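Let's take a friendly walk through this model, one region at a time. Keep the sequence and the 3D view at hand as you read.

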Amino acid sequence: MRIQEAKAIIKKALAEGRHSLLEPEAKTVCIAYGIPTPSFRVASNPSQAVSFAEEIGYPVVLKIVSPDIVHKTDVGGVAVGLSSSDAVESAYGQITTSTAARRPDARVSGVLVQKMAPESTQVIVGSVNDPQFGPTILFGLGGVLVEILRDVVFRIAPLEDRDAREMVHEIKGYSILAGYRGSSPADEDALVDLILRTSRLVMENREIDQIDLNPAIVYEHGALVVDARVLLQR
């Protein structure tokens, strides 16, 4: 049933003339394919945001939800490390006010309230739709490092376990994942699973043009996709 829900979300977005999913939609699609994400809810007012934060558990992150805003930080649409009801209520007002001031034309669907993931090594898993080869999966170190180092590798989907494991080992920064200078090694099996689930997601939903799971945070045990962006075929 969850996979059908994911397909319905994509179909609805296309029917509305949208070529990208809202972040909560993208994360719901991920969850349908077993891709782990922190708990989240979408609030429409400050008191609801506080209620959701207390339900999810502190600390939380707030993010503006809008089909017209891709880079939320550019409009002041993100607040992190919120550890109390007062902080959530205040941040809600700041986010919505800042967004309205900087993008008065933007349609706002609400504010995402998300459990803040513990810090650890950041990676990126994604896919681009190559005109010649079709869905192509990428993996590398994530966060700002993907833009600075561009340490990523690619494989044409669909992938098998061996393909995904090779991708993890091929990046130049693999030593960071393996446990650098006494740090705990990253959960390689969790990374392989994340890559394979992303491969399945894009192969079964060919309407997807691009997907960016960045950052995904990998721990000694497990991994979490903190941000998810899904672009659809035009």
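Contact here means heavy atoms within 4.5 Å. Helices (H or I, at least four residues) and strands (E, at least two) are DSSP runs, numbered from the N terminus.

Please bear in mind that this is a predicted model: local features need pLDDT of at least 70, side-chain atom pairs count only at pLDDT 80 or more, and totals for chains, interfaces and linings use all residues. Residues are numbered from 1 along each chain as its sequence is written, and side-chain values use heavy atoms, leaving out hydrogens and water.

Which residues of helix 4 are buried? They are V88, A91, Y92, I95, S98 and T99, where buried means under 20% relative accessible area, exposed over 50%, and partly exposed in between (1.4 Å probe, protein chains only). An α-helix has 3.6 residues a turn, so residues three or four places apart point the same way.

On the face turned away from the buried side, helix 4 carries the exposed residues D86, Q94, T97 and A101. Helix 4 spans residues 85-102, 18 residues in all, and reaches 26 Å from its first C-alpha to its last, close to the 26 Å expected at 1.5 Å a residue (1.5 Å times one less than the number of residues).

Helix 2 (residues 23-32) is largely enclosed by the rest of the structure, because eight of its 10 residues are buried. These are E23, P24, E25, A26, K27, V29, C30 and A32. Just after helix 2, G34 has a positive phi of about 75°.

Helix 1 (residues 2-15) and helix 2 have axes that come within 8 Å and cross at roughly 150°. That makes helix 1 roughly antiparallel to helix 2 (angles over 145 degrees count as roughly antiparallel). In this pairing, R2, I3, E5, A6 and I9 of helix 1 meet E25, T28, V29, I31 and A32 of helix 2.

## Two cis peptide bonds

Most residues other than glycine have a negative phi, and most peptide bonds are trans. A157 and P158 are joined by a cis peptide bond with omega of about 5°, and P158 lies in the loop between strand 7 (152-156) and helix 6 (161-170). The bond from N214 to P215 is also cis, with omega near 0°; P215 is found in strand 8 (residues 208-218).

Note on methods
Axes are lines fitted to C-alpha atoms, for helices over the stretch in contact, and angles run from 0 to 180 degrees between N-to-C directions. Angles under 35 degrees count as roughly parallel, over 145 as roughly antiparallel, 65 to 115 as roughly perpendicular and the rest as oblique.
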